[in-house]
Amino acid sequence: MTGTPDPRRNRVWRTGDHPGRRRFVDLGEMPLESGVSWGVTLAYEAWGTLSAARDNAILVEHALTGDSHVAGASGLGHPTPGWWEGLVGPGLALDTDRYFVVCANVVGGCQGSTGPSSLDPDGRPWGSRFPEVSIRDQVQAEVLLADTLGIGRWALVIGGSMGGMRTLEWSVGWPDRVARAAVIATCAAATADQIAWAYPQVLALRGDPDFAGGDYYDNPRWPDTGLGLARRIAHTTYRAAGDLESRFGRDPRVVGNGAADGFAVESYLDHHADKLVTRFDPNSYLVLTAAMNGHDVGRGRGGADAALRRVTAVTAVVAVSSDRLYLPEQSMAVADAIEGASLEIIASPAGHDGFLIDTVGVGEVTSRL
């Protein structure tokens, strides 16, 4: 699956051609854990009104291929509808009549915030020159965003998967700035199994002949084949085996002439791959995957248990019952280490993606916090 995408497709948000609901904050030079300093702009979206006391702000943390568009329609500058539609809005669990809800695109992303597709001072995409970015770097940028917005303490920080990693980092690194936390479908540190699943995704991308060492932006072809393969591998881990079996079984894939050609589950994976390559930058996929692989909340803090004892927020740790990527026992370990934390189980057959699909279940968790 290769194509000839518009090489500006992931840069339009940075240049402001089609910002949609996005707002942009220049955070200036920010020191990264790698030892370099980097000029950072964050794109974010917000819903609701910040109270006079500035005590009603909620931070929503997106996952690997998410962005700031938590709620709202596609179009108007947004390639997809809100990824947590049904959770954020008037009268919903994250009630925008009561709360000021914020979601920022992470550093290293490709939907407005500084990332590999952003332009250097000479007007060229950073590409292969973009630095390593950690989960802690991403949170540091969000701390600066909160400072800019005048938010001293979040009423709630909530996120799943990579967003759950950042929720933990906020709670451990800045405990006095988080009142409540919902840590969903994630872990205290990336495991060998999770890193192993990521490795073939990285190889698929880097092995694409159109990858060009990461400097493909002005080329007629981007490494869409590699990105599509990476997405197929990842999406298999996002869904439970039973979910795939019940939905597709051994049903054939039916092509245009009505003949069978392979299996329906293959068509399902192709569909998700095709959707991603139209909206996501392959370099961002690599940068953010590396950040997730490097996640370890206990690094330099005496280990995970010692780090998690720093948390003072009222915390719900949430697992998806059928998750085979971020196992429920990993959530149990996090909950055990945080004083007073509750362990919540979302009973979903969908697998890891259950935290995105079951917004009712997530909403019930937040209502108990």
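Biologist: Between which helices is the loop that holds Arg 301?

Modeller: Arg 301 belongs to the loop between α8 (282-293) and α9 (304-308); helices (H or I, at least four residues) and strands (E, at least two) are DSSP runs, numbered from the N terminus. This is a predicted model, in which local features need pLDDT of at least 70 and side-chain atom pairs count only at pLDDT 80 or more, while totals for chains, interfaces and linings use all residues. Residues are numbered from 1 along each chain as its sequence is written, and side-chain values use heavy atoms, with hydrogens and water left out.

Biologist: Why does Arg 301 count as buried?

Modeller: The relative accessibility of Arg 301 is 14%. Buried means under 20% relative accessible area, with over 50% exposed and partly exposed in between (1.4 Å probe, protein chains only); Arg 301 therefore counts as buried.

Biologist: What does the side chain of Arg 301 reach, and with which residues is Arg 301 in contact beyond its neighbours within four places in sequence?

Modeller: The side chain comes to 2.9 Å from the backbone oxygen of Val 297. Contact means heavy atoms within 4.5 Å; with those sequence neighbours set aside, the contacts of Arg 301 include Arg 136, Glu 169 and Arg 310.

Biologist: What is the order of the strands in the open sheet, and why is one side of β1 and of β12 left without a neighbour?

Modeller: The eight strands follow the order β1-β2-β6-β3-β7-β8-β11-β12, with mixed pairing. Two strands pair if DSSP finds at least two bridges between them. β1 (23-31) and β12 are at the edges and each has a single partner strand, so one side of each lacks a neighbour in the sheet.

Biologist: What makes β11 a partner of both β8 and β12?

Modeller: Strand β8 (residues 180-184) is joined to β11 by five bridges, in parallel, and Arg 180 has Val 314 as its bridge partner. Five bridges also link β11 to β12 (residues 342-346), again in parallel; Ala 319 stands opposite Ile 345, and Val 320 is partnered by Ile 346.

Biologist: Why is β11 described as mostly covered?

Modeller: Six of the seven residues of β11 (residues 314-320) are buried.

Biologist: What kind of β-α-β unit do β11, helix α10 and β12 make?

Modeller: The unit, with α10 spanning residues 328-337, is right-handed: with the strands pointing away from the viewer, the path from the first strand over the helix to the second runs clockwise.

Conventions:
A polar contact is a pair of N or O atoms within 3.5 Å; within protein, one must be able to donate a hydrogen and the other to accept it, and residues adjacent in sequence count only if both atoms are side-chain atoms.
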